[in-house]
Amino acid sequence: MSSTLNKKEPRFTLIRKVGFGMGGMPSSLMNGFYLTYFLFFLTSIAGIKPALAGTIIMIGTIWQAIINLLVGFYSDRNFKNKQGEVIGRKRPFIIRTAFPVGITFALLFVAFDIGTVGKAVYFIVLLLIYFFVYSLYEVPYYSLAANLSNDSNERTSLRMVATNVEYFGTFMLGVVPPSLIPYLEKVFDSDSVSWGIMAVAVGVISTLGMILCWVATKGKEIIAEKEEEEKFNLREILYLFKLKPMVIMFFAAATYFFYYTMSANSFYIYMYENLGLDGNQISFIYGAGVLFSMLIIYVSSRFAMKFDKRIVFFVALTLTGCSFIIFHFVGISSFNMILFYLIIDSINGGTYWTLIYPFIYDVVDLDEYITGNRREGSIMGIYCFIITIASALTAQIEGIIMQMGGYDGNAAAQTPEAANTIFNMITIYPAIGLLLTALIMMQNPITIKRADAVSAALELKRQGSPAPPTGFEILVKNSFHGKQ
């Protein structure tokens with residue numbers, strides 16, 4: 001690695017951190033819009049049965065999972081210009097996908113009256129194209145921070161600011177569409193046109209965010225002196241699963257995304273169908289939840305930098321999971337109750353999205369210390385593979401549960417059985433996912449002290465001074481079996 005990576009002084013001003021965070025707009029806006037509204041759009045606007053809608057989503061996300069693996073591997077390679085000069089690893093992906101990802105996203109929210117088979121083919125093809133270009137952005141962007149600083153606390157600070165920027169995007173996503181879409185429906189007298197306009201706006205803002213991120217990180221990406229083999233090596237990918245902290249983290253990510261996908265897809269439907277809230281009320285609830293999440297992001301990151309990230313993670317997710325169980329028995333039947341529910345949910349959301357990436361960067365450092373290879377792209381690709389598979393399976397399960405429960409997106413009102421099905425999908429099922437995630441993540445052996453010890457030893461190793469694993473012997477001993 002270049003000598004720049006060995007320096008511990010802060011490398012980012014607040015403005016640059018905000019600029020880096022703007023690169024998360026596709027995640028907070030496009031992916032958030034997709035997770036929140038796409039199932040509703042397919043069933044209620046495009047007129048597709050819930051089980052088929054779940055299948056369409058599952059096909060798209062499984063495809064995304066496969067692409068994530070490939071992108072992660074190849075994003076660990078250096079890009080070179082025509083003169084043969086290295087111009088970066090991750091940043092070239094971000095600028096080259098900025099326009100394609102925005103365009104393909106907008107096309108996802110266009111409904112044509114072409115019959116059931118025609119609709120299924122259209123949305124499957126669009127999802128395959130969209131997730132291909134989205135993966136080319138997502139994996140490099142979220143692994144980029146591992147190449148921007150070698151200081152664990154600065155990386156946590158970088159993610160704190162970036163996550164707040166992303167949550168501002170989530171705030172806009174929660175406030176604007178529920179109010180603007182009904183207004184556009186009145187203006188254009190068309191559900192499909194109003195959704196299409198909203199999707200175009202989301203795509204344009206996301207594209208601009210990616211461009212700003214590319215500008216803000218110019219000259220900051222650290223280039224590896226040693227480059228990996230060009231050919232995709234499945235054996236090396238599987239070998240990474242022998243890293244114990246990585247396996248624990250990925251199991252936790254899978255259970256978390258069972259909660260996240262189930263809750264995100266069902267929450268809007270519950271407010272709209274079960275409670276009968278109007279657009280302004282839904283906007284207020286989403287907005288209040290995001291603002292509280294931004295406070296949680298600051299608090300959780302500060303505690304994580306002072307105490308153990310695992311403890312902060314465990315407390316936040318356990319508190320939310322137990323609260324969901326209480327909600328299941330108490331019920332959520334009013335505006336105030338659903339607002340309180342979302343505020344509680346924000347505790348885990350703000351904590352997870354702030355700390356999960358620093359957890360991953362710790363694993364990247366440990367892997368480099370042991371193997372001599374810096375594979376942040378490959379590790380992030382595997383993480384994205386796991387969460388997309390978990391999302392795909394959950395979407396399929398969700399579609400089946402909704403159909404078996406009698407949910408009908410075209411019905412004027414849902415039956416009591418269907419309403420109860422949606423209620424379970426925002427309470428008891430997500431609670432199971434959150435509590436499992438909290439318990440699994442507590443098994444992660446990388447504590448804050450061990451992470452700092454790995455960082456210090458890795459810095460000495462890069463300078464040509466081999467350092468023994470003092471303070472983190474257990475990580476080296478228990479992480480790999482066989483090849484070292």
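Guide: Helices (H or I, at least four residues) and strands (E, at least two) are DSSP runs, numbered from the N terminus. This is a predicted model, where local features need pLDDT of at least 70, side-chain atom pairs count only at pLDDT 80 or more, and totals for chains, interfaces and linings use all residues. Residues are numbered from 1 along each chain as its sequence is written, and side-chain values use heavy atoms, with hydrogens and water left out.

Visitor: Where does R374 lie?
Guide: In the loop between helix 12 (335–371) and helix 13 (376–404).

Visitor: Is R374 buried or exposed?
Guide: Buried means under 20% relative accessible area, exposed over 50%, partly exposed in between (1.4 Å probe, protein chains only). R374 is buried, at 3%.

Visitor: Which side chains does R374 join in polar contacts?
Guide: A polar contact is a pair of N or O atoms within 3.5 Å; within protein, one must be able to donate a hydrogen and the other to accept it, and residues adjacent in sequence count only if both atoms are side-chain atoms. The R374 side chain has one of 3.1 Å with that of D365 and one of 2.5 Å with that of E368.

Visitor: How many disulfides are there?
Guide: A disulfide is a pair of cysteine sulfur atoms within 2.5 Å. A search of the whole structure gives 0. For C213, the closest cysteine sulfur, in C384, is 15 Å away, too far for a bond. C213 is buried at 0% relative accessibility, and C384 is buried too, at 2%.
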